[in-house]
Amino acid sequence: KLSICEMMGCGLLTFAIFGSVIPLLTSAAELGDDCGVYGWDIPASPPDATLLQVHVLARHGDRVPWEGQSCWPNDPSVWECTLNSAEIPMYSDSQYGKFLPRVYRKVYKFGESLPGNCSVGQLTTIGFNQHIQNGASLRKAYVDTGFIPANFDGDEIYLRSDDEPRTLMSAEALILGMLPPNGSQTEVLRINTLDQSIDYISPNPMLCPKLGEYTKEFFESPIWLSHYKAVTYPLLIAVSNAINFTVDQDSFEHFSDCLRTHKCHQLPWPPGMTSDLYDACWTELAWQYYNQYQYPSPKEIAVVGIGFLLKEFWKQMNSSVQGLPVEKFLLYLGHDDTLIALTDALLVDDGLWPPYASMIIFELYKVPSSASGFAIRVIFNGNVLNLRYCSNQALCDYDEFSNYIATVVPTDVAKQCASRRRWTLV
């Protein structure tokens, strides 16, 4: 199977293609939710409500470690990737073609960074299949019901990702599951992206330097220093003693990520590592991220971080409410910190690390019985969320929703993002 997209800014036709080698693992379901939550049923629309617009924000699927440095001494693991990317140069106005004369396949040299043939952070066949299943769930909820057509329509469907291969390929997989190709012609779909320095799929201190200042202040704050002394430092000592290898705060996130990627691909942990220590590591890492995105307050950090993405959502919703021409289905592919920051900003965080392929869905409805005539429903990994600024209702009146969103999005970027520190892309 292959899916095709046109990447804005690079002028290339790209494909996700499978090799013939058996992948590292055919399924992650039996390994627990931390290895992926996907393919869940989307609850039916509320009665007496007409669906107008859907925003889907998803984390990429399963991947290999995102840093190339060694996980721990004498790690025997070799990362073999059977999912690759291929591309063809094309003009930006090209849309359809009957055949592909030549396709260029990108191949990573064996062992250049990670042991094996994978690039750092590369999407795996498991991750690709996770989003195919997510796409099938979205198809059942929004295509089979007639909300959007069975054939891709760029006037009704908007695709957005950051410029990372694992998110771009996850978007391809999700659309492949949601809208499988059904014709003989090559179909070119546009995935909108931005350069890393100005992207806002995830909180970005290069875009808004004040975010970096808040992060630095958090790790100097009494709440962090107290937590580090009481929880973090003892955990680092316990892990280091158990595996006879030093893990400190600087290496902790990389080490924890290695534990998870090894677990999800049934590869060995270092001798002495236990499931209890693994759980403690991920509980601690989640604490650090969720509290970082609540400092100095959920609203203040959102304005300089994930608020940029929320503002884009809100703008599209307002256009739909006003009856203006706008896409009906908008798909965004991001990362774990995208979902952590977003749920923190919306005050619906559960304190748990978002698994691979997690999705949060915003549905905009026309509801005659609602005060404004419109309402929002938010669904996260299959669960309808009750929003506290909407009287903990599952169906949130649009004016109440808008009144809250207005407090967590930037209104004066130059002023709100100003910082004494300077951030550069390296």
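Tyr142 and Phe329 are both buried (buried means under 20% relative accessible area, exposed over 50% and partly exposed in between, with a 1.4 Å probe and protein chains only). The model is predicted, so local features need pLDDT of at least 70 and side-chain atom pairs count only at pLDDT 80 or more, whereas totals for chains, interfaces and linings use all residues. Residues are numbered from 1 along each chain as its sequence is written, and side-chain values use heavy atoms, with hydrogens and water left out.

Phe329 belongs to strand β10 (residues 329-334), of which six of the six residues are buried, so the strand is largely enclosed by the rest of the structure. Helices (H or I, at least four residues) and strands (E, at least two) are DSSP runs, numbered from the N terminus. Burial applies to both faces of β10: Phe329, Leu331 and Leu333 lie on one side, and Leu330, Tyr332 and Gly334 on the other.

Strand β10 pairs with β3 in the parallel sense over six bridges (two strands pair if DSSP finds at least two bridges between them). Gly334 in β10 is the bridge partner of Arg59. A parallel pairing over five bridges joins β10 to strand β7 (residues 157-161), where Ile157 stands opposite Phe329.

Val56 is located in strand β3 (residues 50-59) and is buried, with a relative accessible area of 0%. Beyond its neighbours within four places in sequence, Val56 is in contact with Leu138, Phe329, Leu330, Leu331, Tyr332, Met359, Ile360 and Ile361 (contact means heavy atoms within 4.5 Å). The C-alpha atoms of Val56 and Phe329 are 7.8 Å apart, although 273 residues separate the two along the chain.

Rings of Phe, Tyr and Trp (its six-membered ring) pair if their centres lie within 6.5 Å; planes under 30 degrees apart count as stacked, over 60 as edge-to-face and the rest as tilted. The count of aromatic pairs by this rule is 20. The ring centres of Tyr142 and Phe329 are 6.1 Å apart and the planes stand at 55°, so this pair is tilted. It links distant parts of the chain, with Tyr142 in helix α1 (residues 125-143) and Phe329 in strand β10, 187 residues apart. The pair of Phe218 and Trp224 is tilted because the planes stand at 45°, with ring centres 6.2 Å apart.
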